[in-house]
Amino acid sequence: MTRDPRYDILFEPVKIGPVTAKNRFYQVPHCTGMGWLRPRMLAAMRKVKAEGGWGVVCTEYNSIHPSSDDLPHPSASLWDDNDIRAHSLMTDAVHQHGALAGAELWYGGARTPNLLTRITPMDVGSFPNLAGHPLQTRAMDKEDIRTFRRWHRRAAIRARDAGFDIVYVYATHGYLLSNFLNPRINTRCDEYGGSLENRTRLVRELIEETREAIGDRCAVAVRFAADDKIGEDGEPVFGERRDMLAMLADLPDLWDINISDYSVEMGASRFIKEAPLEPYMSWVRSVTTKPVVTVGRFTSPDTMARQVRSGIVDLIGAARPSIADPFLPKKIEEGRLSEIRECIGCNVCYSGDSIGVPIRCTQNPTMGEEWRRGWHPESLPPKTSHARVLIVGAGPAGMEAARALGQRGYEVMLAEAGRDLGGRVTREAKLPGMREYIRVRDYREQQLRKMANVEVFRESHMSAADVFEVDASHVVIATGSNWRPELFDGERFLPAYDPEAAAHVLTPDEIMDGKLPAGPTLVFDGDGYYMGGVIAEHLHAAGLQVTYATAYDSVSNWSGNTGDRARIRRHLTQLGIPLLTARTLKGFDGIEAVLRGTYGGTDERIAVGHVVMVTGRTPNDRLYRELKDEAGNSDLPFTLTRIGDCEAPAIIAAAILSGHRYALALDTTVDIDSEPLRDRVEITCGDKNPKGLTSVPAPTPRHGR
Ligand code: ADP
Ligand code: SF4
């Protein structure tokens, strides 16, 4: 297959100061939950992106000094020579594939609590920590600013020495430099506060000093917000941003533009669709002669080519699309568009950094597993036997297992009870805002269609007897799970309703099957992820009077990790859905529901005729158990494995991982879970006195950086 000439423009080289990107595909800095803690995992992951055709591959945020420490969120760092060595693992790997490597220098200021280093955070003034920690910053005096500039310069030199080609001055996302630029936060009376010129002084100095230190070899990029804030009407308020950018217009070699509202820039697909930054970008390229990049969860090459042709950007920035499909550029280049694994905008990738653990991706199960499991998003080890595999259930787990086994060359039979493939994603994608989740199914269905060795049997509900009739060497049960109507009280699932009210208690499955309550309804969310809020919205859209109650302190509590909890709450509030938090369902008699406050107070009675329980799920493992019981596992004429929600209900990403892991483990002697799961520096004998720990060498003090 060859490239469609309409996309030729995406493969033009772009000069960025002293370096040249081979094409316009630019993986912008994005967090990974790995940072300085997991350098080998990180290097292997970025390498795969370079291999997949990205012209530029950047790091995540790189702390320039221990006084900017974001743990438990693992940033990268450029504190010392160890960091140079760690980063060079990545830059070497990225360069091997002809891509440029970029490093984003970062200083968190009032956003970092410094819980590891316990150094007092400093910022433009003394004010409360912007991430909610109970502490204030020290106001930087002029000596602090001089010291900070020295740290930044040294980190830039380290970045160059580590082999980076592009080095960032990071002046956005509410970190130190954006606070200096912000007239509402920066109330200084010296030459770093007040006028526009004064507030931009520090950023200007850093650009100039970075250029002076490393500009002969590295490009200097600036990450900058195009707007000041989002107005009450939802429209961008540009304020003085245009003047600010114009003052610095041609100083850096590249402008990496984003916006003030992270929940739009990094918006979940439930609310934010492709290219949401376009309205913000209208003026940017007219005030600078330097190349401009921005993001937009671009997965359509048509949108990308249009962005370049219409002069909005020079480079196509991507974080999530490069996570979901590290080979996106190669697939466009080779005309393999149907093979693109499109990002679904679920933001599970982002949850890794939020929680402080390595990244994972719903669409791409190999993300983060490149080093520790040796997985690759495109090439899978060929089959090592002529085994036939029967997979029962074509939800995310079954489809991914079939796809990966098919790609390995196995003969696969995929039996699905329903007419449609996709299992839960096919059902959930019909709920409000969830349309893009269908990409989980569509990508896999497209691939399965091309595989002559995979047969798909629709409308084939399999019983244990049916399974025995199939001549398979391996049987995989991927029959999913069902929502259950009871309440989980922390120990047991209990019905929270009178027996005679049972017919008035529904589950999300029944709602997705098209059942609608008649009259006022309570959605009780004990699950705490997206389902409760989405079901409430769905019922509201159907014209019902809906109340949402949750046992958690927040609406859709876990969505705080995917960055959309606040937006979900705002959205449901705007719809007029009453939201009750920190309430437990104590009873329901078909006429009213009783809610008890987690923190005491009197019980509330709400007049509702129906309750939808979004609490827990039952694994649909009957078939698995029947087969197991049939003969005792050793006597079965096939191996028997359950995967996905049938094994243990979890998020879609876990079902995909489960299917992939099964497919990779088949016929190998490697215990897939005993592989090196940790990426840590080995402790050598010399580090430890065999008689005790007292003589472990003290670390060299690192002052005055
Ligand atoms: P997962 O998330 O683990 O992939 P899903 O619930 O999304 O699970 O999908 C399970 C799929 O299995 C559904 O499409 C369902 O129709 C199918 N299924 C369940 N039981 C059987 C069965 N006995 N035979 C064939 N398909 C089944
Ligand atoms: Fe996209 Fe979800 Fe993967 Fe993140 S986890 S890259 S949002 S599919």
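The following dialogue explains how to read several features of this predicted model.

Colleague: Which conventions apply here?

Modeller: In this predicted model, local features need pLDDT of at least 70 and side-chain atom pairs count only at pLDDT 80 or more, while totals for chains, interfaces and linings use all residues. Residues are numbered from 1 along each chain as its sequence is written, chains are lettered from A and ligands numbered from 1 in the order in which they are written, and side-chain values use heavy atoms, with hydrogens and water left out.

Colleague: Which residues surround ligand 2?

Modeller: A residue is near a molecule if one of its heavy atoms lies within 4 Å of it. Here the residues around ligand 2 include Arg320, Ile323, Ala324, Cys343, Cys346, Cys349 and Cys361. By class, the shell has eight nonpolar, three polar and one charged residues; Ala, Val, Leu, Ile, Met, Phe, Trp, Tyr, Cys and Pro count as nonpolar, Asp, Glu, Lys and Arg as charged, and the others, Gly among them, as polar.

Colleague: Which helix gives the most to that shell?

Modeller: Helices are DSSP runs (H or I, at least four residues), numbered from the N terminus. H10 gives the most, with three residues; H10 (320-324) and H12 (348-355) each supply at least two.

Colleague: How are two packed helices described?

Modeller: They are described by the angle between their axes and the distance between the axes. Axes are lines fitted to C-alpha atoms, for helices over the stretch in contact, and angles run from 0 to 180 degrees between N-to-C directions. The axes of H13 (residues 396-408) and H21 (residues 652-665) come within 7 Å and cross at roughly 30°. H13 and H21 are therefore roughly parallel to each other, a term for angles under 35 degrees.

Colleague: What residues make the contact between H13 and H21?

Modeller: Contact means heavy atoms within 4.5 Å. Among them are Pro396, Ala397 and Glu400 of H13, and Ile652, Ala655 and Ile656 of H21. By class, this contact has 11 nonpolar, two polar and three charged residues.

Colleague: Is arginine 567 buried or exposed?

Modeller: Buried means under 20% relative accessible area, exposed over 50%, and partly exposed in between (1.4 Å probe, protein chains only). Arginine 567 lies in helix H19 (residues 565-574) and is buried, with a relative accessible area of 17%. Not counting residues up to four places away in sequence, arginine 567 touches Asp261, Ser263, Val264, Phe271 and Ile272.

Colleague: Where is glutamate 537 found?

Modeller: Glutamate 537 is in helix H18 (residues 530-541) and counts as buried at 13% relative accessibility.

Technical notes. Parallel < 35°, antiparallel > 145°, perpendicular 65-115°, else oblique.
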